[in-house]
Amino acid sequence: MTDVNVIHETTNEHGMSREVLMNLGPQHPSTHGVLRLLLTMDGEIVENIQPHIGLLHRGTEKLCENFTYTQIFPLTDRLDYLCPPSNNLAYALAVEALLDIQAPERAQYIRVLMAELSRISGHLLITGALPMDVGAMTALLYTMREREMVMDLMEMISGVRMHTSFCRVGGVREDLPEGCAERILEFCDIFEHRISDYEQLVENNRVFLSRVENIGTISPEGAIALGLSGPNLRASGVDWDIRRDAPYEIYDRLDFKVIVRTDGDCYDRWKCRVDEMRESLKIIRQCIQQMQPGPFLVDDPKIGFPVDKDLLAHSMETHIHHFILAAYGFKVPKGEVYKAIEAPKGELGFYIIADGTEKPFRLKVRAPSFVNLQALTQHTGNMKYLADIIAMLGSLDPVMAEVDK
Amino acid sequence: MSDLFPVEKIVEHFYDRVRIDDTVTDMACVIVNPNDLVELCSFLRDDAEFKFNFLSDICGVDFYPQLPRFQLVYHLFSIPYGWRLRIKCPLEDPPKAPTITPIWCTANWHEREAYDMYGIIFEGHPDLRRIYMWKEFEGWPMRRDFPLQGYKDKYNPFAPEKPTEQHSQLGKTL
């Protein structure tokens with residue numbers, strides 16, 4: 001399972017003790033990507049954890065300083081690759097705040113719809129992956145089956161399964177295709193029953209419960225001091241959801257419940273996400289219901305790409321606008337903005353300093369996984385054994401691409 | 001919600017040591033010297049009128065060639081009141097700032113990131129090591145004078161040559 005790197009013996013007042021320095025990862029299935037943990041072990045008891053991250057560091061922020069505002073969308077996709085629409089949405093909101101524009105209503109509905117679909121796809125992974133980490137392989141096969149349905153919907157909407165890049169500054173790339181709403185509603189009907197299936201499969205499993213209940217308990221104060229956000233924070237009993245408390249886009253028109261649990265252990269963090277998927281379904285249904293036909297991109301030729309592609313062949317003006325946008329991008333007025341949204345992993349924030357050119361002067365990503373992963377280093381709660389570390393890591397649900405940026 | 005936020009109260013408490021940044025429009029913003037940073041942060045966290053208990057983010061900025069060259073930007077959030085606050089802390093070159101790890105333990109990795117990317121030294125930090133780049137890496141990748149391609153070496157043959165004298169001292173790992 002793990003490589004034993006170094007064995008060194010130290011003396012203490014009780015005589016000789018044997019501390020083992022163990023290396024877990026970076027190519028270990030339960031580290032959810034390339035995370036390397038250096039564990040100081042006393043037998044089976046873990047005394048110290050040192051995460052080594054950065055194996056997937058791509059310098060996203062440095063690249064962003066050299067890209068135009070439109071070119072950055074594909075880069076944001078690759079942060080939390082399980083839910084690209086959320087990342088696109090957060091970034092688009094930040095740039096729109098700098099430009100002082102707002103996307104048309106239909107675009108806002110499409111964005112929220114996709115963000116919630118991607119929330120389901122992100123939560124489905126942990127719903128199956130945490131049981132797999134602690135030894136129950138079956139659940140993952142079922143959740144992956146359902147995730148495939150979400151991927152198909154994404155493909156139908158944007159033409160791409162994973163890295164959708166569907167948002168644009170001032171709207172979305174295209175309107176929803178014909179028949180999409182029906183397909184999404186069909187998915188909602190099927191999926192609603194499937195959530196209960198997972199619960200029956202995993203939740204009453206005594207082996208699973210004994211591995212996750214009362215393990216890695218984080219108190220509300222501890223969670224806030226650690227900067228946890230999203231389901232990880234709400235599992236500890238802190239009732240805070242940006243979608244409800246500082247609504248962006250059209251969330252203020254939607255009716256949904258914020259899932260808060262009290263224990264703050266691995267089980268609650270897992271359960272919180274399972275319940276959130278039901279709320280996401282509610283949001284998706286309301287979006288489909290409330291959505292009205294209309295424009296999906298802001299009506300400003302200097303910011304939005306031409307919607308009518310036929311015009312490109314006939315209108316010189318459209319042609320020029322398109323060329324300028326594609327070749328140079330648009331200028332963003334001087335200023336700075338921090339915009340945070342409730343991404344599936346927690347508070348995803350984009351802090352942009354604009355200097356009046358086509359490229360951001362500085363772009364900082366407040367990646368929720370990066371902050372959440374830090375909770376692993378704190379010896380909180382009942383987290384003694386090596387097996388508990390795996391459960392804790394799985395329940396924190398970090399995506400290494402987002403941790404390493 | 002930010003219009004209800006009593007930012008003047010911070011200035012009342014700190015007099016001329018804190019000033020309001022009027023150029024920022026999206027949220028309240030104050031500028032503080034590194035010497036008063038820790039005091040300001042613990043005041044904001046503990047004062048019953050503010051309760052800024054959540055540290056969202058720490059961001060390093062390099063304004064090269066402007067002076068002062070570096071800046072740290074802290075984003076605070078008050079969960080009870082729903083307020084956001086930005087604290088800016090301009091730094092000289094070489095950049096040094098006090099750590100706020102004792103106030104919010106989440107600052108630990110944020111500060112390590114700012115150190116790794118900009119070479120900002122956080123005095124009193126319990127574990128100031130590089131976080132993304134490897135230990136032997138030389139230079140501070142997010143600084144404006146660091147090329148996008150990196151410097152030329154065995155694995156990166158088409159990148160620009162590393163300047164020999166002027167910045168050699170800056171890029172040295174601790």
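Chain A has 16 helices and nine strands, where helices (H or I, at least four residues) and strands (E, at least two) are DSSP runs numbered from the N terminus. This is a predicted model, in which local features need pLDDT of at least 70 and side-chain atom pairs count only at pLDDT 80 or more, while totals for chains, interfaces and linings use all residues. Residues are numbered from 1 along each chain as its sequence is written, and chains are lettered from A and ligands numbered from 1 in the order in which they are written.

Let's begin with the overall build. The radius of gyration of chain A is 23 Å, close to the 22 Å from the globule rule for 405 residues, so chain A is as compact as a globular protein of that length. That radius is taken over C-alpha atoms, and the rule is 2.2 Å times the number of residues to the power 0.38.

| Property of chain A | Value |
|---|---|
| Box filled by C-alpha atoms, along the principal axes | roughly 85 × 45 × 35 Å |
| Buried residues | 49% of the 405 residues |

A residue is buried if 20 or more other C-beta atoms, placed from the backbone, lie within 10 Å of its own.

Now for the sheet. Strands β7, β8 and β9 of chain A form an open sheet in that order, with antiparallel pairing; two strands pair if DSSP finds at least two bridges between them. β7 and β9 of chain A are the edge strands, and the twist averages 15° from one strand to the next. Nine bridges join β7(A) and β8(A), and A:Lys339 has A:Phe350 in β8(A) as its bridge partner.

Helix α3 (residues 84-99) of chain A lies across β7 and β8 of chain A, at about 150° to β7(A). Angles run from 0 to 180 degrees between N-to-C directions, with axes fitted to C-alpha atoms, for helices over the stretch in contact. Not counting residues up to four places away in sequence, A:Ala94 touches A:Val337, A:Lys339, A:Phe350 and A:Ile352; contact means C-beta atoms, placed from the backbone, within 7 Å.

Finally, the partner chain: 32 residues of chain A are in contact with 27 residues of chain B. β7(A) gives the most to the side of chain A that touches chain B, with five residues.

Key:
Contact = placed C-beta atoms within 7 Å. Buried ≥ 20, exposed ≤ 12 C-beta atoms within 10 Å, placed from the backbone.
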